[in-house]
Amino acid sequence: MRLGVLDVGSNTVHLLVVDAHPGARPVHKTSTKAVLRLMKYLEPDGSISDEGVEHIMQTMHAAAEHIASANLDELLPMATSALRDATNGAKLLKRIRKECGIDLQVMSGKDEARVTFLAVRRWFGWNAGRIQLVDIGGGSLELAIGSDELPEFAMSLPLGAGRMTKTYLTDDPPTERELEDLQTYIDDVLPDAVSKFTELRQPDQVVGSSKTIRSLARLAGSQSEGMGGNAMTFLYRWQLEDWLPRLAKLPSESRHALPGITQDRAFQIVGGGTVLLSVMRALEIERLDVSPWAMREGVLLDYLDRLPHGVRAKRKK
């Protein structure tokens, strides 16, 4: 069957189309992405501004056209923290449903962590043992740990790369005072998570997912030969400690010239990197193994797992 995942996040609207069936690895067909940067449209009262709403609607109408031409058997449309937390999010979701015919399902932070954990488990396999997940989105940070396909414990914190940049790092490049204020906020939020995770049995492997972590790993990390011809990418804490201060001194227009730092992530990569380094220090993580699969793949796998055994959809003519 041909499946599409529409991910309306804080930074992008991303349509991933795959051919898949239960028990098989999804085969990538197309990927269409539009930059949103919703965090810059947030008002002090937590609502998305009128300009932001119109930008979202233009992007969603374009997404609807791509969906109509993709010949999908099933669309899995989801929205994450930006729309989940916006005070006018429910009204906007209703408008999207009415005008575009797309019924976005708002995922909770724990659901984001759960499906991302599933994707990471399938990618690394049972041989990875007990996995701890770190995932940094635009609006939130997801943490999870477990020995099975579903996490034993998962939580979401308001420490997304876009959210931190919008709130604390308004200058480009950020000032020392802004970086200090950001660090103070992170240090205030993290202790509750640290206390919960340190009470649990420690992981055999720590995995990082999301575009922010993949970008930082491509810039500062290392690679080794993996199984099946796939390169294994990993990021040591010392590598991030070495690169992050240098990134913070560069304006965003210079950052995207560096390996792995795309133009749409250049402005918020310092905020995301500061969150990641704080998490690695607080949870005493020396190394992250980077997963190419994340939430979108997890949503696909979760959908396929829920199909009745033997179900095979016929592709639309």
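In which loop is asparagine 71 found? The model examined here is predicted. In this model, asparagine 71 sits in the loop between α1 and β4 (74-79). Its phi is positive, at about 55°, although asparagine 71 is not a glycine. The relative accessible area of asparagine 71 is 28%, so the residue is partly exposed.

Arginine 37 also has a positive phi, near 50°, and is likewise a residue other than glycine. The loop between β3 and α1 holds arginine 37. With a relative accessible area of 34%, arginine 37 counts as partly exposed.

Serine 47 belongs to the loop between β3 (27-35) and α1 (50-69). Is serine 47 buried or exposed? Its relative accessibility is 11%. Buried means under 20%, and serine 47 is therefore counted as buried. The side chain of serine 47 makes a polar contact with the side chain of aspartate 45, at 2.7 Å. Serine 47 also touches residues beyond its neighbours within four places in sequence. These contacts are with Tyr41, Leu42, Thr87 and Asn88.

Proline 173 is located in the loop between α5 (161-168) and α6 (176-198).

The overall fold was examined next. The protein contains eleven helices and twelve strands. How does the radius of gyration of the protein agree with that of a compact globule, and what is its value? The value is 19 Å. A compact globule of 317 residues would have a radius near 20 Å, so the protein agrees with that expectation. Along the principal axes, the C-alpha atoms fill a box of roughly 55 × 50 × 35 Å.

Of the 317 residues in the protein, 54% are buried.

The protein exposes about 14,700 Å². Carbon and sulfur atoms supply 50% of that area. What are the numbers of positive and negative side chains in the protein? There are 39 positive and 42 negative side chains. The centres of the two sets lie 7 Å apart.

Key. Residues numbered from 1 in each chain as written. Predicted model: local features only at pLDDT ≥ 70, side-chain atom pairs only at ≥ 80, totals over all residues. Heavy atoms only, no water. Helix = DSSP H or I, 4+ residues; strand = E, 2+ residues; numbered from the N terminus. Buried < 20%, exposed > 50% of the residue type's maximum accessible area, 1.4 Å probe, protein only. Polar contact = N/O pair within 3.5 Å; in protein donor to acceptor, adjacent residues only side chain to side chain. Contact = heavy atoms within 4.5 Å. Rg over C-alpha atoms; globule rule 2.2 N^0.38 Å. Areas by Shrake-Rupley, 256 points an atom, 1.4 Å probe, with all protein chains shown as cover. Lys, Arg positive; Asp, Glu negative; His and termini not counted. Charge placed at Lys NZ, Arg CZ, Asp CG, Glu CD.
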